[in-house]
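Let us walk through this structure piece by piece. Keep the sequence and the 3D view side by side as you read.

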Amino acid sequence: MNYKFATKAIHAGQESDPTTGAVMTPIYQTSTYQQKSPGDHKGFEYSRGTNPTRKALEDCLAALENGKHGLAFSSGMAATDCVLRLLKPGDEVVTGDDLYGGSYRIFTKVYEPLGIVFKFVNTSDPEAVRAAVSDKTKLIWVETPTNPTLKLADIAAIAEIAKASNALYAVDNTFASPYLQNPLDLGADIVMHSVTKYLGGHSDVVMGALIVNDEELYKQLWFYYNACGGTPGPQDAFLVLRGIKTLHLRMRAHCENGRAVAEYLKNHPKIEKIYWPGFTDHPGHEVAKKQMKDFGGMVSIVLKGADLQETFRIASQFKVFTLAESLGGVESLINHPATMTHGSIPKEAREKVGVVDNLLRLSVGVEDAEDLIADLEQALGK
């Protein structure tokens, strides 16, 4: 049957255990599997490549993104690395100028020295993407919304550019989650997630994922996935399966609280600028309305007239929001991108796209909105 999202989140890939009837997918804490004779097995040989708990998660992730194949990795960066292994020296990648710092680092510090060329453009402008594409472009890599200034890329418009240039098209869907946005439906070839974030949802797992439709592309990615070994253990897979069962409920609460926080902060006297795509004056608002179900729980703010010391002071004042790396958990987090998540990006490149020293990124959790607003009030002052 063609189940809706909540039903897929709870059931996809997860059958009752055939041995005991256990409703929850067991944690198959094993490294290897018995074979009747060499090559005669039940689909599992060695847990670096295949594990039943992980397979259940991968099938669930694929279903949530309306894809055919899922691959789970030990981190979002391991998933990103697997895609980049498809490239060879001389190949070009067109990507965003506003990226997660870890993506920028692996692009420029690991793969650029190997002869891969990266072109950083404003992916909220499809024409900027088109202008950067050449006959050497093999991959277009897009975040939407971006981290941390929440730019929106028109996934379908860029898909047409990728198709016309015979380039693979990958979308980092971490900030939106499959509940809000499904890039494969809009023409992407690969969806990447930092599963650590909204999919896990409880700040207790580090994991990444890739979801694809194309069989040959899946086989290519699976080769590197198995050969290079960046795969997660069954305990983490179990925890993410558990987290996903409430993804639809959590995302509704994240979006509701995100709206309340954004609306409180928009006219606050201590805020110079606010980034949240739900506002009608956000440059990507219409794109967000077109390709997302709601506007998410991520909000970034620029503090008015604050230097680095003052920004640090305010960031350290919160009682409900926790000053920490990461995002997407049930608890609200506050982050200073310039020195935390985006510290690996040179200052000039950061500031060019708005990641200034007085910018703070809020991951709005699912606590009571009134308590979050009261915390912002006491930390920011009047």
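Ala22 is partly exposed, with a relative accessible area of 28%. Here buried means under 20% relative accessible area, exposed means over 50%, and partly exposed lies in between (1.4 Å probe, protein chains only). Ala22 sits in the loop between helix H1 (5-11) and helix H2 (52-64). Helices (H or I, at least four residues) and strands (E, at least two) are DSSP runs, numbered from the N terminus. Leaving aside neighbours within four places in sequence, Ala22 is in contact with Glu15, Ser16 and Asp17. Contact means heavy atoms within 4.5 Å.

A word on the model and its numbering. This is a predicted model, in which local features need pLDDT of at least 70, side-chain atom pairs count only at pLDDT 80 or more, and totals for chains, interfaces and linings use all residues. Residues are numbered from 1 along each chain as its sequence is written, and side-chain values use heavy atoms, with hydrogens and water left out.

Now turn to the sheet. Seven strands form an open sheet with mixed pairing, in the order S1-S7-S6-S5-S4-S2-S3. Two strands pair if DSSP finds at least two bridges between them. Strand S1 (69-73) and strand S3 (117-121) stand at the edges. Each has a single partner strand, so one side of each is left without a neighbour in the sheet. On average, neighbouring strands of this sheet are turned by 20° against each other, direction ignored.

S1 pairs with strand S7 (residues 208-212) in the antiparallel sense, over five bridges. Phe73 stands opposite Gly208 in S7. His69 has Val212 of S7 as its bridge partner.

Is S1 mostly covered or mostly open? S1 is mostly covered, as five of its five residues are buried. In a regular strand the side chains alternate between the two faces of the sheet. In S1, His69, Leu71 and Phe73 point one way. Gly70 and Ala72 point the other way.

H2 lies across S1 and S7 and runs at about 125° to S1. Axes are lines fitted to C-alpha atoms, for helices over the stretch in contact, and angles run from 0 to 180 degrees between N-to-C directions. Helix H4 (residues 101-111) also packs on the sheet, touching strand S2 (92-96), S3 and strand S4 (137-143). The direction of H4 makes about 150° with that of S3.

Look inside H4 at Thr108. Thr108 is buried, with a relative accessible area of 12%. A polar atom of the Thr108 side chain lies 2.8 Å from the backbone oxygen of Tyr104. Not counting residues up to four places away in sequence, Thr108 touches Pro113 and Phe120.

H2 also meets another helix. Two packed helices are described by the angle between their axes and the distance between the axes. The axes of H2 and helix H9 (residues 234-244) come within 8 Å and cross at roughly 35°. The crossing of H2 and H9 is left-handed; in that case the near helix is turned anticlockwise from the far one by less than a right angle, while clockwise would be right-handed. From H2, the contact is made by Thr53, Arg54, Ala56, Leu57, Cys60, Leu61 and Leu64. From H9 come Pro234, Ala237, Phe238, Val240, Leu241 and Ile244.

Charged pairs come last. Side chains of opposite charge can pair when their charged atoms come close. How many salt bridges does a search of the whole structure find? The search finds 17 salt bridges. A salt bridge is a side-chain nitrogen of Lys or Arg within 4 Å of a carboxyl oxygen of Asp or Glu.

Glu58 and Arg54 are four residues apart in H2, so about one helical turn separates them. Glu58 is buried at 5% relative accessibility, and Arg54 is buried at 1%.

Another joins Glu286 and Lys289, with the closest N and O atoms 3.8 Å apart. They are three residues apart in helix H11 (residues 285-291), so about one helical turn separates them. Glu286 is exposed at 53%, whereas Lys289 is partly exposed at 48%.

In helix H13 (residues 347-352), Lys347 and Glu351 lie four residues apart, about one turn of the helix. Their side chains meet in a salt bridge at 2.9 Å, N to O. Lys347 is partly exposed at 41%, and Glu351 is partly exposed at 35%. Lys347, Arg350, Glu351 and Asp357 are linked in a network of salt bridges.

Conventions. Polar contact = N/O pair within 3.5 Å; in protein donor to acceptor, adjacent residues only side chain to side chain.
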